[in-house]
Amino acid sequence: MAIKSATPYLVFGGKAEEAIAFYGSALGAKVQTLQRFGDMQPDCPAALRDSVAHAVIQFDSGATLMLSDGSPEDKPTPGSSTHVALDIDSAAQGKAAFDALSKGGTVTQPLIEAPWGASFGALHDRFGIRWMFNVAKG
């Protein structure tokens with residue numbers, strides 16, 4: 001399978017910007033990408049426009065973390081705010097992996113065409129681990 005990376009994805013329930021500043025100060029992390037819901041979906045509710053939809057922070061070693069405020073409906077509880085984000089460069093292999101991990105689990109977001117030019121989906125596997133998929137098209 002052509003998995004390019006597996007990255008921790010942290011959901012902060014409205015405190016992503018605070019977390020970014022904290023990790024920058026405490027660990028020297030630098031923002032590589034920061035997209036707000038309003039940037040990605042201009043018609044999103046006004047209360048969500050300035051919230052962090054997706055961010056990538058990088059440490060001096062090159063290691064990265066991805067993070068988001070998440071959706072207002074999905075308030076994280078302790079232990080539920082961590083996901084593993086897979087970046088897969090084959091559409092067929094990405095769908096096969098998504099389908100395989102979802103057996104006995106729960107699909108929380110079926111694979112859809114995402115605004116950034118890939119397919120995106122999310123699920124909880126049968127062990128309760130939360131997975132996010134970013135799958136190249138084609």
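**Charged pairs, up close**

Tutor: Let's start with Lys-4, which is exposed at a relative accessible area of 53% (buried is under 20%, exposed over 50%, partly exposed in between, with a 1.4 Å probe and protein chains only). Keep in mind that this is a predicted model, where local features need pLDDT of at least 70, side-chain atom pairs count only at pLDDT 80 or more, and totals for chains, interfaces and linings use all residues. Residues are numbered from 1 along each chain as its sequence is written, and side-chain values use heavy atoms, leaving out hydrogens and water.

So who does Lys-4 pair with? Its side chain meets that of Asp-87 in a salt bridge, 3.7 Å from N to O (a side-chain nitrogen of Lys or Arg within 4 Å of a carboxyl oxygen of Asp or Glu). That joins distant parts of the chain: Lys-4 sits in strand E1 (residues 3–11) and Asp-87 in strand E5 (residues 82–88), 83 residues apart. (Helices, H or I with at least four residues, and strands, E with at least two, are DSSP runs numbered from the N terminus.) Asp-87 itself is partly exposed, at 22%.

Side chains of opposite charge can pair when their charged atoms come close. Here, searching the whole structure turns up 4 salt bridges, and two others are worth a visit.

One of them is between Arg-36 and Glu-17, at 3.1 Å from N to O. Glu-17 is partly exposed, with a relative accessible area of 44%.

Another is formed by Glu-113 and Lys-137, at 3.0 Å from N to O. Glu-113 belongs to strand E6 (residues 106–113), while Lys-137 is in the segment after strand E8 (130–136), so this pair ties together parts 24 residues apart in sequence. Glu-113 is exposed at 62%, and Lys-137 is partly exposed at 44%.

The protein has 3 helices and 8 strands, and from the N terminus they follow the order β-α-β-α-β-β-β-α-β-β-β. Its C-alpha atoms fill a box of roughly 40 × 35 × 30 Å along the principal axes. As for cover, buried residues make up 36% of the 138.
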